[in-house]
Amino acid sequence: MLPLLETALLPIGAERLRKEVRGFLAEQTAAGAFVGTCDSWLSGWDESFTEQLAARGWVGMTIPTKYGGHGRSALERYVVIEELLAAGAPVAAHWVADRQSAPSLLRYGTELQRQSFLPKIAQGRCFFAIGMSEPDSGSDLASVRTVAQRVKGGWELYGTKVWTSGAHRAHFFVVLARSEPLGPDRHAGLTQFIVNLRGQGVEIRPIPLLTGAHDFNEVVLNGVFVPDAHVLGEVGSGWRQVTSELGFERSGPERFLSTFLLLASLAHHLESSSSSTTAETEEIGELLARLITLRQMSLSVAAALSEGSEVDVQAALVKDLGTRFEQEVVERVRLVSHVFADQDAAPGTLAYHLARSTLHSPGFTLRGGTNEVLRGIVARALGHQ
Amino acid sequence: MKDELDAVAATTARIFEALWSTGTEPGDPPYWAPQVWEALVKAGFTLLPIPEEHGGAGASMLEAAVVLREVGRFGVPVPLMETALLAGWLLSATGLAVPAGPLTAAAPDAMGARRVRGGYVLTGTLSKVPYGHIAENVVVVLPTTPPLVMSLDPRDWQWVRGRNLCGEPRDSINIEGLFVSEEWAAVVGSDKEINGSELMIRGALGTSLLIAGAIEAALSASVSYARERTQFGRPIIAFQAIQQYLAQMAAESAAANAAAMSAATNAARNGSPDPIFVGASKVQAGRSAGIVARLAHQVHGAIGFTQEHPLHRYTTRLWAWRDEFGNERHWARILGERALSTPGLWDLVTRDTPGEGT
């Protein structure tokens, strides 16, 4: 069986930190700096908000102080990001850099890379995107066809990446490419490269979401030069590095809080209608119970990750349960509230949240690895024991 | 702490492996596992969270939690939760003597006590008491103001025997004018939270832990079966449909375990179980129990539906326990009522156990 995760306890001082974040969010909301939206970590791009967070030390929290970060623990960061997500704050700009690029740079980057990227990430001035998926490589990531050819002083990249959220606004993305011809071990010969999205030979085309919104992009790499200094980690170790990165990507609170604002909005709606039925109360209570559980699971994975444990499989479980929960929230709220889903309603209303959550919901169980593929990973781990 | 807990769990598992025959059919005489109980008494596991000055082991709720999880995982019919979490608590918390057990407890709605010289006269009904006819003492907490706790000696009682879905005794009796000496009764002080709803919370915590254990056993049995059973020339675990089921069961297992253990951790640190953490864990346990029982039977095919195959020892427990001490709806309503009043939903989600985490 899979090893059971230990219950995580939050650090002393977490409550004070939580209060600070709540105070800041209340101020920002009152000042009209943002209106909370569902799924804000994907599409709430607001660089001035990111700078405000960074000024308070809430971006790059776990980056050591010597690299311009704040040397806080993974669970302290957890407290901050869950507060931001629950409020639907616009955190998309720094999300990828903060969540996975910075930890990857710390783990695999050279000293020079750490010094040049990490301080800017912590200042909220350097944004990253993810360069994994391709037109012919979705769930089957090892089949990537972007190639890296050895040239003098570095590499030249040829290929196409897709579903690259924020590529049109971010500064860099980390590209997984084949640096050796495909051999019998398809996980060998892959390398990660830090690619300047504004560099020569990079072409970025929007792929509008079904709402028409521009988050996704297709990024064509046409002989993009990457100096040796921008190889991330070891040449040929890309698969291992990507796998560990996915542990961070799959188990965070964004895997069950994308529709929290919708649920909170329903609770508010029922509370103010002051005549909620037993059935409605029970709906809220059941979803609350599952939310509490998911959070405990996610916290345990975060604690284990910060201790360097291999918890990819447990992270996959959190993502599977959490993202299905996000979708179920939409269904339950729809049935309980009887509200007409309206994307043209005023932002912040139940009708608006319901529309946006419904229209974003297909993505929940796709991004970060489709749930079906993740379950395959879990089943293999179960069967191998 | 983790090492200590692992050691307690391992010792419990060794006792069960040595003394509990999975061939014993629940619901057949003697209806429970007295030889296992004796071994648990010897190991000092039956009164784990009871303070030493009251005859217990003075251990934390977490140690009791890992033992209960093992009881669920092995499907052993012993009133450990009833003794350690319910009756033992009622007795020690009110300063009454704690016998070695086995004990059981109930919070009857329909029971009253009349004060007489030297004690009380008790009249009313006890319904579906866990391990009623097995218990050496039945501890009741009456819905009086203030609540009254009594330790009853059921030696001469004529129980109406009943059982739950997994064959554990759930016995009932009408009591008419039973004299209870005051040395076996305690009026609950106004400074103490000892009443029927607290008993319910403790029962829900214990049941959630038992369910987490039984889910793990059902998952483990399903993985083993899927690796052994061959169809279409391949072990059925090679089929994606089966893999999806197993992974879903693993997710439910991890969820039920995380919910129950975090509720137990919170109880251990705060000194008493919290209705929100426990309620969340019982909702999760009940939901996961249903999903896992259904998928485990689907993976096992017809053989799992027979008495010959041991799967039913876990699935019948899942079906029984999810309805005891409040089903999903019961606890969902309590959580929902709290969520729809101040301070509100997000505060309830983030009400953490204060810790020394990093």
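**Note on the domain 1–domain 2 interface of chain A**

1. The count of salt bridges between domain 1 of chain A and domain 2 of chain A is 0. A salt bridge here is a side-chain nitrogen of Lys or Arg within 4 Å of a carboxyl oxygen of Asp or Glu. This is a predicted model: local features need pLDDT of at least 70, side-chain atom pairs count only at pLDDT 80 or more, and totals for chains, interfaces and linings use all residues. Residues are numbered from 1 along each chain as its sequence is written, and side-chain values use heavy atoms, without hydrogens and water.

2. Polar contacts are present. The rule finds 3 residue pairs across this interface, both residues at pLDDT 80 or more. A polar contact is a pair of N or O atoms within 3.5 Å; within protein, one must be able to donate a hydrogen and the other to accept it, and residues adjacent in sequence count only if both atoms are side-chain atoms.

3. On the side of domain 1 of chain A that touches domain 2 of chain A, helix 5 of chain A gives the largest share, 6 residues. Helices are DSSP runs (H or I, at least four residues), numbered from the N terminus.

4. The area buried between the two domains is about 1,200 Å². Carbon and sulfur atoms give 69% of it. Buried area is the accessible area (1.4 Å probe) that two parts lose on being put together, summed over both. A:Trp45, A:Gln113 and A:Phe117 supply 40% of what domain 1 of chain A buries against domain 2 of chain A, more than any other three residues.

5. The centres of domain 1 of chain A and domain 2 of chain A, taken over C-alpha atoms, are 25 Å apart. The bounds, 14–126 and 130–236, come from an automatic or database domain assignment.

Notes
Chains lettered and ligands numbered in written order. Helix = DSSP H or I, 4+ residues; strand = E, 2+ residues; numbered from the N terminus.
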